[in-house]
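Q: Could you walk me through this one before I set anything up? I'd like to go piece by piece.

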Amino acid sequence: MPNTVQEIQALDTGAKVSQGAESYQASTEDMIGEKLVINMGPSHPATHGVLRVVLELDGETITKAIPDVGFLHRGDEKIAENMQYNQFVPYTDRLDYLAPLANNVAYALAVEKLMGWELPPRGKAIRVISCEIARISAHLLGIGAYAMDVGAMTVFLYTFTQREYIYNLCELLTGARFTTSYTRVGGQIRDVLPEFLSELEKFCDGFLPALDEIDKLLTRNKIFFDRTKDVGVISKKDAIAYGLSGPNLRGSGVDHDVRKAHPYLDYDQYDFDVPIGAHGDCFDRYLVRMEEMRQSIRILRQVMKNLPDGPINIVDPKNTLPKKERVLMSMEELIHHFILVTQGLDAPEGEVYFGAENPKGELGFYINSRGGGVPHRLKIRAPSFVNLSILPKLLPGHMMSDVVAILGSLDFVMGECDR
Amino acid sequence: MAIVVKRPKLSFWEKLYLPGIIKGLGITLRHFFLSLTGKTKVSMQYPEEKWDSHLPEYYRGAPALVTDEQGRERCVACQLCEFICPPRAITIHPEEIPSEDKWAKVEKRPQEFEIDMIRCIYCGLCEEVCPEQAIFLRKEYAFTGLKREDMVHNKKRLYEIGGVREGLVNKWNELK
């Protein structure tokens, strides 16, 4: 397939506003000039959580939009400064709560980068599996909720059926359906079982037909097409300027995927394509997410085919908990166990940043360590937060009902945005 | 390799709105009949039907204390779980085991052991750090209470949920 992208033409805010106003003026000459300010959210079903957008309307055309975030702020970054590295893992579940496994992996990789550790091949492969099932799960919800926002209720039910199967997989893998807390610094809490792999195989086989069904329901549907085509166009330049990442960036035609650009977890060994859009509108972002799920299945199949044997955790007796059997019976290990649990890792001084390609975009952890088991500062680069920053630029000029389509296509999670 | 996603070109027929609706109805109808015949049954009639039998052995439900085959309470009140618990849900008040007790050589046990189930996040760190195999996350997951105090599990409740666990390392049988 030719790797060319046509130039994306996006009118700037002013032009869009004046165009909208002109067409409006033509119809209702006498009412021009009166602006209406309304609040959308924070508890609006289309805002996927608690996002509040203050909209200034001229008739039905939006002239100004100010997103107001922070309703779900829990102070995760501050919490992290007051606990050991491993204790923070359950908190990462609650960032992007649609893909907790991917957050766990990204966080563990960030701390491992600080420690200078590299996981054995089997551990890495397991992490790839967890990342990709998390991606499918998050995109399924993204597309289901998006379709429901623009009026297609059925899709949501079918995507949720598939997500339920993914939760069953998570339960087999981690022991919890939702708040997985799967990784630890230096490995995973448990190895994958053969049952899990056969279940995953079954899921992959059943998933593609289900995805085709969703495809049939949406892609060639005139109503969905009309509501999303040429709505919310983000030009390539804007996408880069506003620091978008993930499917939103690729929907605008920028070929950037952290898995390809800065491969981690041996992603360079797997054969997969990065889908990019050609127009940068809501419909392209939908298409990119659909294709990404197919690619995730491709990656999953490759991992399952060549799942390496061997250990899943790092070997560093000084910094990883000793084996439980040894702790129970021998004094030295017991003492070491107590020291490690109470004092935490012996992390070196320094600062690291690690960004991973999460379903919503690049989830980054910046850790500033002054040594010891507690980070001095932990900054979370939340993709949803950054992706939302384009709203004041994107929304003006659109009609009121397009806001729902645009918010749905940006696919953000407030848990991560407000952190 | 980057691939550009293909945008469909709607035919005249598809542009008429109705075919899309009919196609959607067709898919829904297919699902309707398949689920009628039980082929794609996805719903579970909770609470009559439960998922419990599918839960893996390591399912992370409510944390609870266990006793071993000899009826000894495993917890020695080392307070490591209290220390590691990220939301600080655990409170332990240790006490000395009286000398006339059969297990006096263990020396310490919890006088009170409370887990605030409103705070608990089911992360499993307590089980992971416990050096005595005393606390386990069980398959119980549905708790209700009318007051906040109802949701705080005390020692008695925790042993009720935990029950007896066999096959643990019984080092105190040999050690003095």
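A: What follows goes through domains, sheets, salt bridges and the contact between the chains.

Q: What kind of model is this?
A: This is a predicted model, and the values below are computed from it.

Q: OK, domains first. Which domains does chain A have?
A: The domain assignment of chain A gives domain 1, covering 1-32, and domain 2, covering 74-417. Taken over C-alpha atoms, the centres of domain 1 and domain 2 of chain A are separated by 35 Å.

Q: And which domains are assigned in chain B?
A: For chain B the assignment gives domain 1 as 16-49 and domain 2 as 63-172, and the centres of these two domains of chain B, again taken over C-alpha atoms, are 47 Å apart.

Q: On to sheets. In what order do E7, E8 and E9 of chain A sit?
A: In chain A these three strands form an open sheet in the order E7-E8-E9, with antiparallel pairing. Its edge strands are E7 (347-358) and E9 (377-381) of chain A, each of which pairs on one side only, and the twist averages 5° from one strand to the next.

Q: How many bridges between E8 and E9 there?
A: Strand E8 of chain A, residues 361-372, pairs with E9(A) in the antiparallel sense over five bridges. As for individual residues, Gly364(A) has Arg381(A) in E9(A) as its bridge partner.

Q: Which helix lies across E7, E8 and E9 of chain A?
A: Helix H4 of chain A, residues 100-115, lies across E7, E8 and E9 of chain A, and runs at about 150° to E7(A).

Q: What about the E3-E4-E6 strands in chain B, parallel or antiparallel?
A: The pairing in that three-strand open sheet of chain B, ordered E3-E4-E6, is antiparallel. Strand E3 (90-96) and strand E6 (152-153) of chain B are the edge strands, each pairing on one side only. Between E3(B) and strand E4 of chain B, residues 108-116, the antiparallel pairing runs over seven bridges, and His93(B) stands opposite Glu112(B) in E4(B).

Q: Which helix lies across E4 and E6 of chain B?
A: Helix H4 of chain B, residues 155-162, lies across E4 and E6 of chain B, running at about 85° to E4(B).

Q: Switching to electrostatics: how many salt bridges over all chains?
A: A search of the whole structure finds 44 salt bridges over all chains. One of the pairs is Glu112(A) with Arg127(A), whose closest N and O atoms are 3.0 Å apart. This pair links distant parts of the chain, since Glu112(A) belongs to helix H4 of chain A and Arg127(A) to helix H5 (residues 121-149) of chain A, 15 residues apart.

Q: Is that pair's Glu112(A) buried or exposed?
A: Glu112(A) counts as buried because its relative accessibility is 3%, where buried means under 20%. Arg127(A), at 0% relative accessibility, counts as buried too.

Q: And Arg301(A), which residue does it form a salt bridge with?
A: Arg301(A) forms a salt bridge with Glu201(A), with the closest N and O atoms 3.6 Å apart. Here the pair links helix H12 (residues 282-305) of chain A, which holds Arg301(A), to helix H7 (residues 194-218) of chain A, which holds Glu201(A), and the two residues are 100 residues apart. Arg301(A) is partly exposed, with a relative accessible area of 30%, and Glu201(A), at 34% relative accessibility, also counts as partly exposed.

Q: Which residues do shared partners join into one network?
A: Salt bridges that share partners join Glu132(A), Arg135(A), Arg250(A), Asp257(A), Arg259(A), Glu292(A) and Glu357(A) into one network.

Q: Last topic, the interface. How much area do chain A and chain B bury between them?
A: Chain A and chain B bury about 5,100 Å² between them, and 61% of that is on carbon and sulfur atoms. In terms of contacts, 70 residues of chain A are in contact with 51 residues of chain B.

Q: How many salt bridges does the rule find across it?
A: The rule finds four across the interface of chain A and chain B. One salt bridge joins Glu213(A) and Arg30(B), with the closest N and O atoms 2.7 Å apart. In another, Arg7(B) is paired with Asp284(A), the closest N and O atoms being 2.9 Å apart.

Q: Where do Arg7(B) and Asp284(A) lie?
A: Arg7(B) lies in the loop between strand E1 (2-4) and helix H1 (18-36) of chain B, whereas Asp284(A) is in helix H12 of chain A, so the pair joins two chains. Asp284(A) counts as buried, at 1% relative accessibility.

Definitions and conventions
Residues numbered from 1 in each chain as written. Chains lettered and ligands numbered in written order. Predicted model: local features only at pLDDT ≥ 70, side-chain atom pairs only at ≥ 80, totals over all residues. Heavy atoms only, no water. Pairing = 2+ DSSP bridges. Helix = DSSP H or I, 4+ residues; strand = E, 2+ residues; numbered from the N terminus. Axes fitted to C-alpha atoms, helices over the stretch in contact; angles between N-to-C directions. Contact = heavy atoms within 4.5 Å. Domains from an automatic or database assignment. Salt bridge = Lys/Arg side-chain N within 4 Å of Asp/Glu carboxyl O. Buried < 20%, exposed > 50% of the residue type's maximum accessible area, 1.4 Å probe, protein only. Buried area = accessible area lost by both parts, 1.4 Å probe.
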